[in-house]
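User: Could you walk me through this model, with the cut-offs behind each term as you go?

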Amino acid sequence: GINAEYGGVGEEHCECVSGYFRIAESECEACPELATSVDEVKCICPAGSIWTRVNNTCNKCPDGFYSRKGDLGCSKCQGRSPKHVQDSDILDQCLIEYKMIEFLKRMSVVSLIFGITILGLLIISILLVWRTRTRGYDYSAGLQILT
């Protein structure tokens, strides 16, 4: 696209209008949908996505990552508690990860309690079986047989 405005009479250099970025001396290209431009160098994508100049698209950050409006790359959510996050864009993008981490923490506590309970029941069962088998057994008779 050529959406450019010339700076003045006799000047060959032109400036790209808002929403466009420079691809050549006198040629500008439109930024992707929902993106804007602050200068002629790059497009600014909404929070949660980053601009790729090569194919001129706003690419969504992968799960577990976030970006603020205009960031050049995605950042890892870090797994911190949502209480420590002030930026609502980051909170919205990382909320799924936060919920998953909280779920896994709860499940690990539940699993630990369940495991301890099962282990306790197993020990009690072994002791009961041992007690039942040894009750009424005459140890002295057993020793006499062996000697």
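User: Before that, what sort of model is it, and what are the ground rules?

Analyst: This is a predicted model, in which local features need pLDDT of at least 70 and side-chain atom pairs count only at pLDDT 80 or more, while totals for chains, interfaces and linings use all residues. Residues are numbered from 1 along each chain as its sequence is written, and side-chain values use heavy atoms, with hydrogens and water left out.

User: OK, how many helices and strands are there in the protein?

Analyst: The protein has two helices and ten strands, and along the sequence these follow the pattern β-β-β-β-β-β-β-β-β-β-α-α. Both kinds of element are DSSP runs numbered from the N terminus, helices (H or I) having at least four residues and strands (E) at least two.

User: And what share of the residues count as buried?

Analyst: Of the 147 residues, 21% count as buried, where buried means under 20% relative accessible area, exposed means over 50% and partly exposed is in between, computed with a 1.4 Å probe on protein chains only.

User: Switching to side chains, which rings form the aromatic pair?

Analyst: The structure holds one such pair. The rings are those of Phe-21 and Trp-51, and because their centres are 5.0 Å apart with the planes at 75°, the pair is edge-to-face. The test takes rings of Phe, Tyr and Trp (its six-membered ring) with centres within 6.5 Å, and planes under 30 degrees apart count as stacked, over 60 as edge-to-face and the rest as tilted.

User: What does E3 pair with?

Analyst: E3 pairs with strand E4 (residues 27–30) in the antiparallel sense over four bridges, pairing being assigned if DSSP finds at least two bridges between two strands. Phe-21 stands opposite Glu-29, Tyr-20 has Ala-30 as its bridge partner, and the hairpin that E3 and E4 form has two residues between the strands.

User: And what about E7, which strand is its partner?

Analyst: E7 pairs with strand E8 (residues 57–60), again in the antiparallel sense and over four bridges, and Thr-52 stands opposite Thr-57 in E8.

User: Is Asn-56 buried or exposed?

Analyst: Asn-56 counts as buried, at 13% relative accessibility, and its positive phi occurs in a residue other than glycine.

User: Where is Leu-34, and what is its phi?

Analyst: Leu-34 lies in the loop between E4 and strand E5 (36–37), with a positive phi of about 75° although it is not a glycine. Leu-34 is exposed, with a relative accessible area of 69%.

User: Now the pocket: what volume does the largest one have?

Analyst: Its volume is about 180 Å³. On a 1 Å grid over the protein atoms alone, a pocket is an open set of points with protein on both sides within 12 Å along at least five of seven lines, whereas a cavity is a set where a 1.4 Å probe fits but cannot get out, and lining residues have an atom within 4 Å of a point. Eleven residues line the largest pocket, and the closest to its centre are Lys-60, Cys-61, Asp-63, Phe-65 and Gln-93. The volume itself is the space filled by probe spheres set on the points, which are joined across faces, edges and corners.

User: Which element gives the most to that lining, and how do the residues divide?

Analyst: Helix H1 (residues 88–134) gives the most, with four residues. The lining divides into four nonpolar, three polar and four charged residues, where Ala, Val, Leu, Ile, Met, Phe, Trp, Tyr, Cys and Pro count as nonpolar, Asp, Glu, Lys and Arg as charged, and the others, Gly among them, as polar.
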